[in-house]
Amino acid sequence: MTTDTEIAFETRTVRAVRGMESRTIEKWEGEGWEVVSRAPGKIRTEITFRRPAPRSRRLLWIAGGSVFALALATIFAIGIIAEKNDAPAEAASPTSSEAAAPSEQPSPEATGTAPSLSTASDDVVLTPENSPEFAAVLALTDTCSPDIAAFAAAHRRQTISFPGSIVAMGPHDGAETRYDILINVGDFSETFSQPGPSFQFRDENTVSDLHFVGSVPDTIGVGTNLGVTAEVDRYVEKQCLFLLEPVATAVR
């Protein structure tokens, strides 16, 4: 029987950019969480935390456990009685309707696991080399193409990576330290129009939000060539802008 001395925990899993794990851990530990496990990925690390559940939740958990135990004992007793009463019937062949009924399999949600295909696709960073679909989008010459909108919708929250360059940059809504950064594909050029979507980092601080890897530049601006790794946000059709959330940025 569960006593008040037994502790129920609540857990939470967060993602941190590689190299930024200590800052994330410090933040959550300051709120009373403790690290349970870490699962490093190519770009981000999944960190699982836990902390004692509030007392109201513990009481609910204890009461729920008692009810579950009572229900389990009742089911077990009924099962024994039914087994004794129905033992001869078990040898009988099933009816045609029973034979035709499909077997029920637990859903991924019921078992607490996600389909392996979805998990694998979430971990893949799309690049022009491993995704023909992404390579085709980067080769488009119409920044308002419906193909860009379709790609953004299909791959929302997935990570992409490509070589790019800053072609425009300005304060976000008049802010002094936050910027809207327009990025095109490939090296910066003043003599020809670069292909691909008009990518944008919107409302970002250039010191902390771009998550620089490697050498950190003193300044960036129009003409800076970047290695961009970012999460797909959304496509704004009225402005023909493909919004991204920075994951890792490198100066090329």
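Guide: Gladly! Let's begin with strand β4 (residues 159-171) and strand β7, which run antiparallel and are joined by seven bridges. Do keep in mind that this is a predicted model.

Visitor: What makes β4 and β7 count as paired strands?

Guide: Two strands pair if there are at least two bridges between them. β4 and β7 have seven, so they pass that test. One example is Ser-161, whose bridge partner in β7 is Thr-229.

Visitor: Which other strand pairs with β7, and over how many bridges?

Guide: That is strand β8 (residues 241-251), which pairs with β7 in the antiparallel sense over 10 bridges. Here Tyr-235 has Phe-242 in β8 as its bridge partner. Four residues lie between the strands in this hairpin, where Cys-240 takes a positive phi near 55°.

Visitor: Why is β7 called mostly covered?

Guide: Because a residue is buried when its relative accessible area is under 20%, we can count the residues that meet this limit. In β7 (residues 225-236), nine of the 12 residues are buried. For the chain, buried residues make up 33% of its 252 residues.

Visitor: Where is Asp-209, and why is it called buried?

Guide: Asp-209 sits in the loop between β6 (199-204) and β7. Its relative accessibility is 18%, and the cut-off is under 20%, so Asp-209 counts as buried.

Visitor: How do you know that Asp-209 and Arg-178 make a polar contact?

Guide: The side chains of Asp-209 and Arg-178 are joined at 2.8 Å, and the limit for the N or O atoms of a polar contact is 3.5 Å. Leaving aside neighbours within four places in sequence, Asp-209 is in contact with Arg-178, Asp-203, Glu-204 and Pro-246.

Visitor: Why is Val-124 called partly exposed?

Guide: Val-124 has a relative accessibility of 36%. Buried means under 20% and exposed means over 50%, with partly exposed in between, so Val-124 counts as partly exposed. Val-124 is found in the loop between α5 (116-123) and α6 (132-138).

Visitor: Which residues does Val-124 touch, not counting those up to four places away in sequence?

Guide: They are Asn-130, Gln-158 and Thr-159. Val-124 and Gln-158 are 34 residues apart in sequence, with their C-alpha atoms 8.1 Å apart in space.

Visitor: How many helices and strands does the chain have?

Guide: The chain has seven helices and eight strands.

Methods: Residues are numbered from 1 along each chain as its sequence is written. This is a predicted model: local features need pLDDT of at least 70, side-chain atom pairs count only at pLDDT 80 or more; totals for chains, interfaces and linings use all residues. Side-chain values use heavy atoms; hydrogens and water are left out. Buried means under 20% relative accessible area, exposed over 50%, partly exposed in between (1.4 Å probe, protein chains only). Helices (H or I, at least four residues) and strands (E, at least two) are DSSP runs, numbered from the N terminus. A polar contact is a pair of N or O atoms within 3.5 Å; within protein, one must be able to donate a hydrogen and the other to accept it, and residues adjacent in sequence count only if both atoms are side-chain atoms. Contact means heavy atoms within 4.5 Å.
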